[in-house]
Amino acid sequence: MTHKLPNILRLSLPLIAMMSLIGTWELVLLLDKDRRLYLIPGVATVIKELWSNLSLYVSEGIQTLIEAFVGFLIGNTASFLLAVWMSYSKSVERIVYPYAIALKATPIVALAPLIVACFGQEFSSKVVCAAVISFFPLMIQCPEAFRRVPEELLDLFHSLGASEKQIFFHLRLPLASSQIFSALKTASSLSVVGALMGEFMSPTGGIGKLLIQALANGWGGQLIAATIVSGIIGVIFFGLIHFLQARVVYWAPQSF
């Protein structure tokens with residue numbers, strides 16, 4: 001039997017964790033007498049940097065979010081269609097799967113320069129990086145989820161004369177929906193990583209550009225502030241998918 005935490009405790013736990021992290025951060029800097037962590041400023045410096053250049057971080061953050069979102073849509077649309085095809089054809093799965101795993105095993109840091117060389121240094125290369133890295137969770141998890149249907153339910157649908165299209169949309173897809181959204185949550189975070197990697201390879205805009213600038217010039221405040229903003233982008237994207245899951249798969253228990 002599981003017990004739900006009181007609402008006030010659920011809300012306070014993340015705040016307690018954040019305050020503990022900030023306290024540890026300041027303590028580490030206090031103990032760093034030799035200034036080995038010279039690029040890591042105090043919390044007050046980071047807050048001042050964010051507040052002084054808020055419009056810059058918002059505009060660059062929106063660019064990264066758009067790149068990640070467009071790449072997420074492209075990558076997961078292709079991934080979903082391929083997963084459906086693979087779930088109905090073992091031959092297609094045997095042909096596609098080895099190449100998909102080989103591509104997945106290749107780090108995006110190795111693929112990003114090739115993608116930039118093919119698609120240029122502007123928006124499209126970042127989108128492709130985001131699409132490539134967010135493509136795999138759905139494709140790997142969904143074919144088996146679509147096949148995992150109780151035989152008695154399949155027999156019931158067949159006895160009622162349901163077509164394969166009706167079986168897919170009214171049986172296979174609803175049963176696999178929780179696993180689909182779980183894969184989409186993973187893909188949402190990966191798409192932000194892909195967009196940032198594209199920006200690292202071609203720093204023409206976005207949070208990746210700010211990170212590269214900060215590292216090259218030793219701007220510790222900007223380095224930490226941009227890192228925080230990239231984390232916020234990932235949380236926003238993940239939260240959007242979770243919100244959609246709670247509305248679409250309302251019958252399934254949610255993780256938080």
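Author: The expected span of a helix is 1.5 Å times one less than its number of residues. The model discussed here is predicted.

Reader: What makes the reach of helix α6 close to the expected one?

Author: Helix α6 covers residues 123–134, which is 12 residues.

Reader: Why is α6 called mostly covered?

Author: Nine of its 12 residues are buried. Among them are Val-127, Val-128, Cys-129 and Ile-133. The buried residues of α6 pack against α3, α5, α7 and α9.

Reader: How do you know whether Cys-118 and Cys-142 are buried or exposed?

Author: Exposed means over 50% relative accessible area. Cys-118 has 56%, so Cys-118 counts as exposed. Cys-142 has 1%, under the 20% limit, so Cys-142 counts as buried.

Reader: How many disulfides does the structure hold, and how do you know that Cys-118 is in no disulfide?

Author: The structure holds zero disulfides. The nearest cysteine sulfur to that of Cys-118 belongs to Cys-129, 11 Å away.

Reader: Why is the pair of Phe-146 and Phe-168 called tilted?

Author: The structure holds seven aromatic pairs. In the pair of Phe-146 and Phe-168, the ring centres are 5.2 Å apart, and rings pair if their centres lie within 6.5 Å. The planes stand at 55°. Stacked needs under 30 degrees and edge-to-face needs over 60, so this pair is tilted.

Reader: What makes this pair a tie between parts of the sequence?

Author: Phe-146 lies in helix α7 and Phe-168 in helix α9, so the pair ties together parts 22 residues apart in sequence. Phe-146 and Phe-168 also belong to a cluster linked by ring pairs, together with Phe-80, Tyr-88 and Phe-169.

Reader: Which residues have the most contacts inside the largest nonpolar core?

Author: They are Phe-146, Ile-180, Leu-184 and Ile-207, in a core of 37 residues. The largest share of this core, 10 residues, comes from α9. A second, separate core of eight residues includes Ile-108, Leu-111, Val-128 and Cys-129.

Methods
Residues are numbered from 1 along each chain as its sequence is written. This is a predicted model: local features need pLDDT of at least 70, side-chain atom pairs count only at pLDDT 80 or more; totals for chains, interfaces and linings use all residues. Side-chain values use heavy atoms; hydrogens and water are left out. Helices (H or I, at least four residues) and strands (E, at least two) are DSSP runs, numbered from the N terminus. Buried means under 20% relative accessible area, exposed over 50%, partly exposed in between (1.4 Å probe, protein chains only). Contact means heavy atoms within 4.5 Å. A nonpolar core is a set of buried Ala, Val, Leu, Ile, Met, Phe, Trp, Tyr and Cys residues joined through side-chain atoms within 4.5 Å. A disulfide is a pair of cysteine sulfur atoms within 2.5 Å. Rings of Phe, Tyr and Trp (its six-membered ring) pair if their centres lie within 6.5 Å; planes under 30 degrees apart count as stacked, over 60 as edge-to-face and the rest as tilted.
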